[in-house]
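Biologist: I would like to learn how to read a model of a protein. Please show it to me, and we can go through some features one by one.

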Amino acid sequence: MADLSHYRNIGIFAHVDAGKTTTTERILKLTGKIHKTGEVHDGESTTDFMEQEAERGITIQSAATTCFWKDHRLNIIDTPGHVDFTVEVYRSLKVLDGGVGVFCGSGGVEPQSETNWRYANESEVARIIFVNKLDRMGADFYRVVKQVKDVLGANPLVMTLPIGIEDDFSGVVDVLEQKAYIWDDTGLPENFEVTDIPADLVDKAAEYREMLIETAVEQDDDLMEKYLEGEEPSIEDIKRCIRKGTRDLTFFPTFCGSAFKNKGVQNVLDAVVDYLPSPTEVDPQPLTDEEGNETGEHAIVSKEEPLRALAFKIMDDRFGALTFVRIYSGVLKKGTTILNSFTGKTERVGRMVEMHADERTELDMAHAGDILAIVGMKNVQTGHTLCDPAHPCTLEPMVFPDPVISIAVAPRDKTASEKLGVALGKMIAEDPSFQVETDEDSGETILKGMGELHLDIKVDILKRTHGVELDVGKPQVAYRETITQRIEDSYTHKKQSGGSGQFGKIDYIIEPGEQNSGFEFESTVVGGNVPKEFWPAIEKGFKGMMGEGVLAGYQVLDVKVTLFDGSYHAVDSSAVAFEIAAKGAFRQSIPKAGPQLLEPIMKVDVFTPEDHVGDVIGDLNRRRGMISGQEAGPTGVRIKGDVPLSEMFGYIGHLRTMTSGRGQFSMEFAHYAPCPNAVAEQVIAEAKERKEKK
């Protein structure tokens, strides 16, 4: 049995183009897992194995791999940086114990780094920071460290300093050991020597060492007292304090280097082993009941406990469906039967494999702390708990964001139609942020996702991987509806035609709810005018109508219904009668309550060279954008703002034209806001037209 204290389950995450995949490649090369490094820009990296990833030079799905460094086993997940695929980052962080946040030395803390950092904070994952690409034009290690403090509100603990910068970047100073690591020009990671610190950095290194020790000893009162009395702690003691502070998220050890030039990656690997927690050192996962509320029990990481594991990713490849699983406690053996506590069904574990990107090694058993893939599970989806049938339990489930954009697709012929159903089934299982609906009236298939790129890649996968020929419609925005006025109303449902009748009368108030409250229902009925047993049926009736608003048929948000009176008939009243009454009441009252159309507003972050700032801001204003701030960097300006999604289609092409190909942008959903009248009228007219066509 392996020693769990020698395990590290880590993720590598960052903004697009900060160099995550390149860093992963270098780690695999250094640990002897691969012998030739593949470059992202050549489309040859190990973990970007999808055709679409190799072509576009971006990571789309998280890839898992295992390697060894200094007698420690590292399970590494390389995650995507693009905002449309944040669900991949989110679910990877859910099952990891530690992470490496990679920041670009010239780009600094970019928008997606902020989102990923926020997710990591929510998941309470300990992290170290690697400031990469210090060989690039405009790179500035100290500026990035300052941004980590200012933008992320984090406390970076500087562990290495760069020697030289841009083209002259040659190595790093180890602040704790007070040694310099200098690489030669061969570009080979193993060709470095440990020397004295260059004269021009001696004072700076001493100053940073003092800051490092002062921050570290705050983790241990005894050491702090001795340090204040002038006694310097040993390197072992300092490392122990850094490990504790890292695990408690008090600070984040910060390293620098250039993964592409093979400089500084060893220091990061040493830090993973020295400072990131093993599976037994992180807070155990809480167990929940069927409703998702915590029970107070936890999945303690131990091989002696009953089996508890979380399925965090489903992937379909040439060998069949793979279910990626993180085991929190117990042992999983080939051939055993396990229970899926979500479906209540048991499944037999056929083959278990350890993944290295898209290659695999067969396993006979795995235990607490392991990340592996099980082949051929039938009914398991992302977020399901797998456990010992004798000890059923549920681990805290995952919550995924709702899609904000949709497109209609139509298969070109009958064969394509059959293939489409199978392919979509597999793709939904793989990606919970991707949803599919069939429009009952028109028969069209609607794909819903997190952004244009997300859907673009899904269509590409359907065409190339699954061979489905499709006609693709224009992207559609996921509008919503709400109400703006409080209204008091009454509705009676009465039906008398042979046999037993139906009767239900309700007096109610419909009013706008708090933002993001969804649907709220309350009953203040006293004296039994509407018996208690009918309240759930009334709530169900109102809630069931929230899916289709009265303006353009979009989902209704933030409505509160209060039932304050009504009456019933001893014979004719039933739950069904009151549910029908509630549905009729909704149709009757919503049009009177000032219905309003809402549109999704996106948080947009645009990077542009300085000479195009005016054009970019002017263009965002024309797109009804609200600029919230701009920030000058060494290579250009970042402009932040909120812009309606409907105005952002095809924006990347437009931005590139404006900035001579040098502009970049990212966006993520921020909130829903009321539509201006002109826009609302157009959306309502289009919805009406669609209805008439049907």
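Biologist: Is Asn-516 buried or exposed?

Modeller: Burial is judged by relative accessible area: buried means under 20%, exposed over 50%, and partly exposed in between, with a 1.4 Å probe and protein chains only. Asn-516 has 71%, so this residue is exposed. Asn-516 sits in the loop between strand E32 (502–512) and strand E33 (519–523). Helices (H or I, at least four residues) and strands (E, at least two) are DSSP runs, numbered from the N terminus.

Biologist: Before we go on, what kind of model is this?

Modeller: This is a predicted model, in which local features need pLDDT of at least 70 and side-chain atom pairs count only at pLDDT 80 or more, while totals for chains, interfaces and linings use all residues. Residues are numbered from 1 along each chain as its sequence is written, and side-chain values use heavy atoms, with hydrogens and water left out.

Biologist: Why is helix H9 called largely enclosed by the rest of the structure?

Modeller: H9 is largely enclosed because 9 of its 11 residues are buried. The buried residues of H9 include Val-265, Leu-269, Val-273 and Tyr-275. Another residue of helix H9 is Val-268, and Val-268 is buried at a relative accessible area of 3%.

Biologist: Which residues does Val-268 contact?

Modeller: Contact means heavy atoms within 4.5 Å. Leaving aside neighbours within four places in sequence, Val-268 is in contact with Val-100, Ile-128, Phe-130 and Phe-255. Val-100 and Val-268 are 168 residues apart along the chain, yet their C-alpha atoms are separated by 8.5 Å. Over the whole chain, take the contacts with a separation of 6 or more: residues 24 or more positions apart account for 71% of them.

Biologist: What does His-612 touch?

Modeller: Not counting residues up to four places away in sequence, His-612 touches Met-658, Thr-659 and Ser-660. His-612 is in the loop between strand E35 (595–608) and helix H14 (613–622). Its relative accessibility is 13%, so His-612 counts as buried.

Biologist: How many salt bridges are there?

Modeller: A salt bridge is a side-chain nitrogen of Lys or Arg within 4 Å of a carboxyl oxygen of Asp or Glu. By this rule the count is 26 salt bridges. One of them joins the side chains of Asp-150 and Lys-146, at 2.7 Å from N to O.

Biologist: Where do Asp-150 and Lys-146 lie?

Modeller: An α-helix has 3.6 residues a turn, so residues three or four places apart point the same way. Both Asp-150 and Lys-146 lie in helix H5 (residues 141–152), 4 residues apart, about one turn of the helix. Asp-150 counts as exposed, at 51% relative accessibility.

Biologist: Which residue forms a salt bridge with Glu-437?

Modeller: The partner of Glu-437 is Lys-448, with the closest N and O atoms 3.0 Å apart. Glu-437 lies in strand E26 (residues 435–438) and Lys-448 in strand E27 (residues 445–449), so the pair ties together parts that are 11 residues apart in sequence. Glu-437 counts as partly exposed at 39% relative accessibility, and Lys-448 counts as partly exposed at 22%.

Biologist: What meets the side chain of Glu-599?

Modeller: The side chain of Arg-624 meets Glu-599 in a salt bridge of 2.7 Å, N to O. Glu-599 lies in strand E35 and Arg-624 in the loop between H14 and strand E36 (626–632), so the pair ties together parts that are 25 residues apart in sequence. Glu-599 is buried, with a relative accessible area of 2%, whereas Arg-624 counts as partly exposed at 25% relative accessibility.

Biologist: How many helices and strands does the chain have?

Modeller: The chain has 16 helices and 38 strands. Of its 694 residues, 53% count as buried.
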